[in-house]
Amino acid sequence: MADWMNLAALICAGVASTGFGLLTAYGVLRLGFRMMRPQQKRTAMKPELQVARTQ
């Protein structure tokens, strides 16, 4: 009985560590690509209309 429990624990630990590694790699890559993304340019405010004055 103990051998089956040890085998089940080993399988669960392997699946859990694989899942944790994949999620960690996904998070690291997502963060890296977010940092490499070009920053959005802010649009400049529209200049006010200026009228030329002549004398």
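## Helix α1 and W4

W4 lies in helix α1, which covers residues 2–36, where a helix is a DSSP run of H or I with at least four residues, a strand is a run of E with at least two, and both are numbered from the N terminus. The model is predicted, so local features need pLDDT of at least 70 and side-chain atom pairs count only at pLDDT 80 or more, while totals for chains, interfaces and linings use all residues. Residues are numbered from 1 along each chain as its sequence is written, and side-chain values use heavy atoms, with hydrogens and water left out.

W4 is exposed, with a relative accessible area of 65%; exposed means over 50%, buried means under 20%, and partly exposed lies in between, with a 1.4 Å probe and protein chains only.

## G21 in the helix

G21 is also found in helix α1, and this residue is partly exposed, with a relative accessible area of 34%. Between G21 and R34, which are 13 residues apart in sequence, the distance in space is 20 Å from C-alpha to C-alpha.

## The chain as a whole

The secondary structure of the chain comes to 1 helix and 0 strands. The chain has a radius of gyration of 30 Å, well over the 10 Å that the globule rule gives for 55 residues, so it is more spread out than a compact globule; the radius is taken over C-alpha atoms, and the rule is 2.2 Å times the number of residues to the power 0.38. Along its principal axes, the C-alpha trace spans about 105 × 15 × 5 Å, and 0% of the 55 residues count as buried.
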